[in-house]
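Open the model in your viewer and keep the selection panel at hand. The tour goes stop by stop.

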Amino acid sequence: RTGRPFVSLKLALTLDGRMTAPDGSSRWITGPEARRIVHARRLECDAVMVGAGTVLADDPRLTVRDVAAPRQPLRVVVDARGRVTPEAAALGEGSVVATTAACPHDVQIAWKEAGAEVLVLPDAGGGVDLSPLLDHLGGRGVVEVFCEGGPRLASSLIREGLAGRLELHYGPVLTGGGLALEDLGVSSMAGALRFRVEDVVHAGNDVLVTLVRP
């Protein structure tokens, strides 16, 4: 009906709502059981998407490894300014880098030489405009995107109403120092973005809360 894929946004969070420790480290908030669930979700989806910050911090492969995988999802990296190096583990055959005209041409060439497809999209507030990105993915048959992005990409998807499901993996740890998400354009509780709890499950020592837009 929409021509766009359904977007499921996964966030690994501490009990006080952080995606990283104050020094920027994020491995590992959750345990191996929760990570196996993430790999199973990658297998279920057609594409896995992250932002440049996640690639720079963790250099994830974005592949399915902890479960049997007859296929691998499309890997999508959102990088408006060309910060990700062509040596990043997520790049190569079967990957797409979504960027803007602000990305240097030589960086785009290096990505292509590494085997990635480069998609130049409009700029939206200093980042990649995510709506045309989803239009493009829908046009190539992507039905569901599993986003494992960091605070900026996650906040953009929520703020723009593009995330249909939130999969929140809570690890029983505390770090302090502030919360995960950026400004969502909410100024009062009356204007808060509200979701419906779809499921709550235990995964080892962690808790996975699944929320959907009402």
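Begin with Arg 35 and Trp 28. Arg 35 lies over the face of Trp 28, 4.1 Å from the ring centre. Keep in mind that this is a predicted model.

Stay with rings for a moment. How many aromatic pairs does the structure hold? The count is zero.

Now select the cysteines. The structure has zero disulfides. Cys 45 is in none, and its nearest cysteine sulfur belongs to Cys 147, 11 Å away. A disulfide needs the two sulfur atoms within 2.5 Å. Is Cys 45 buried or exposed? Cys 45 is buried, at a relative accessible area of 0%.

Move to Cys 103. Cys 103 is in no disulfide either. For Cys 103 too, the nearest cysteine sulfur is that of Cys 147, here at 19 Å. Cys 103 has a relative accessible area of 3%, so it counts as buried.

Next, select helix H4, residues 130-139. Show the side chains of Leu 130, Leu 133, Leu 134 and Leu 137: these leucines are buried. Turn the view to look down the helix axis. The buried residues of H4 fall within an arc of 95 degrees, so they line one face of the helix.

Go to the start of H4 and pick Asp 129. A side-chain oxygen of Asp 129 comes to within 3.3 Å of the backbone nitrogen of Ser 131.

Finish past the other end.

Definitions and conventions: Residues numbered from 1 in each chain as written. Predicted model: local features only at pLDDT ≥ 70, side-chain atom pairs only at ≥ 80, totals over all residues. Heavy atoms only, no water. Buried < 20%, exposed > 50% of the residue type's maximum accessible area, 1.4 Å probe, protein only. Helix = DSSP H or I, 4+ residues; strand = E, 2+ residues; numbered from the N terminus. Arc of directions from axis to C-beta. Polar contact = N/O pair within 3.5 Å; in protein donor to acceptor, adjacent residues only side chain to side chain. Phe/Tyr/Trp six-rings, centres within 6.5 Å; stacked < 30°, edge-to-face > 60°. Lys NZ or Arg CZ within 6 Å of the ring centre and 35° of its normal.
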